[in-house]
Amino acid sequence: MNFEISPNPTPMPEAARLEAFRNLGFGTLFSDHMAVIRWTEGKGWHSAQITARAPFPLDPAAAVLHYAQEIFEGMKAYRQPDGRTVLFRPEENARRFNESARRMAMPELPEEVFLAAVEKLIAQDAKWVPEGEGSLYLRPFMFASEAFLGVRPAREYIFCVIASPVGPYFKGGAKAVTIWASQSYTRAAIGGTGAAKCGGNYAASLLAQAEAAAHGCDQVVFLDAKERRWVEELGGMNIFFVFKDGSITTPPLGTILPGITRKSLLRLAADAGMPITERAYSFDEWQADAASGALVEAFACGTAAVVAGIGKVKSEAGEFLIGTGQTGPVTTRLREALVGLQRGQTNDPYGWVRTVLPA
Ligand code: PLP
Ligand code: COI
């Protein structure tokens, strides 16, 4: 697909950008450009462009505004010590995007077009990839833009990629986070959209996340919708448990988002000789294992949050500590193994790191 490239005539001045880079948070600063591709029934994908980041004119009847036909991805570009800019397993994001598209009755975007849109945007906004600890968070997304009020899959969509230079997701840095186990709200049911990265899942998580914040917690953890018993995942991260015998477990796929960080950590842990399982783990077991000392660590993982130790769990029933309440050694070791690859501090035997811009 051919992209028409129209550089932003008024990019952010260099001094302002560098000033903004001094204190990066998550998702509040945006680069100068965006990638846009349109889809129309009968015509397919067309009108690909890299253009100045700007609002979309949107008809008030656009289907996304009414029925939430929307999906997204999240990935990061890293500047490596040798000056290259790389992505981490972006093919996995392209594949998952299409899995989400199928679930939401949206058109699939060829994986090579998804990757080209992301890479052309990074090339155009190369100076927006921060050095050091930061990264450029890429947010590919697609929404139904057709104006109509009937309930059916739309016949027009917009695919877009925006970019945001980011620092840490959690303000506390490496400090372990506290999470709220929601007993009132669930995120996803069997047969629902839990495994898709659709905006509606996040809308459904906001009240639970607000409840978590009101209880002084950083994130919410959801239990399954049927029995309200099995630990599923956090609002925006997967979860792992580390046991005293050195084994590691994480909830099985099905109603949770199949995280690329989750998949990568399972591989890194297995290759480090840690026994791994993917199995249902109940909230009661969690609490009992934390009390007995059988469970020594837990952590959350995802593109935005990377790997974050979980120190404390709160719920309506009370609270409990995991291990010492600090980020544990296995969590730290896995985090370093992952970050080492992403940041080019260690060799990549997996072929997970894809060069986007040369040194
Ligand atoms: N679970 C949810 C609900 C998420 O939003 C995310 C973030 O993308 C993840 C898990 C982790 O997925 P990944 O590791 O692919 O970023
Ligand atoms: C990501 O990790 O990319 C996500 O989409 C999670 C979101 C909470 C920022």
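Here are some friendly notes on the ligand site, the pocket and the cavity in this predicted model.

1. A word on conventions. Residues are numbered from 1 along each chain as its sequence is written, while chains are lettered from A and ligands numbered from 1 in the order in which they are written. As this is a predicted model, local features need pLDDT of at least 70, side-chain atom pairs count only at pLDDT 80 or more, and totals for chains, interfaces and linings use all residues; side-chain values use heavy atoms, with hydrogens and water left out.

2. The ligand shell. Ligand 1 is surrounded by 17 residues, the closest being Arg96, Tyr202, Glu233, Thr261 and Thr303 (a residue counts as near if one of its heavy atoms lies within 4 Å). By class, six are nonpolar, seven polar and four charged (Ala, Val, Leu, Ile, Met, Phe, Trp, Tyr, Cys and Pro count as nonpolar, Asp, Glu, Lys and Arg as charged, and the others, Gly among them, as polar).

3. Polar contacts (pairs of N or O atoms within 3.5 Å). The side chain of Tyr202 has an N or O atom 2.4 Å from an oxygen atom of ligand 1, and a polar side-chain atom of Thr261 lies 2.5 Å from a ligand oxygen. For Ile260 a polar backbone atom takes part, at 2.8 Å from an oxygen of ligand 1. The protein covers 96% of the 380 Å² of accessible area that ligand 1 has on its own (Shrake-Rupley method, 1.4 Å probe).

4. The pocket. Ligand 1 sits in the largest pocket (more than half of its atoms lie within 2 Å of the pocket's grid points). A pocket here is an open set of points on a 1 Å grid over the protein atoms alone, with protein on both sides within 12 Å along at least five of seven lines; lining residues have an atom within 4 Å of a point. About 800 Å³ of space lies in this pocket. Of its 41 lining residues, Tyr169, Gln219, Gly236, Met237 and Ala304 are closest to the centre. Helix H5 (199–214) gives the largest share of the lining, four residues (helices are DSSP runs of at least four residues).

5. The cavity. There is one cavity of 30 Å³ or more, where a 1.4 Å probe fits but cannot get out. About 40 Å³ of space lies in the largest cavity, and its lining includes Phe283, Gln287 and Lys314. By class, that lining has four nonpolar, three polar and two charged residues.

Note on methods:
A polar contact is a pair of N or O atoms within 3.5 Å; within protein, one must be able to donate a hydrogen and the other to accept it, and residues adjacent in sequence count only if both atoms are side-chain atoms. Grid points are joined across faces, edges and corners, and a volume is the space filled by probe spheres set on the points. Helices (H or I, at least four residues) and strands (E, at least two) are DSSP runs, numbered from the N terminus.
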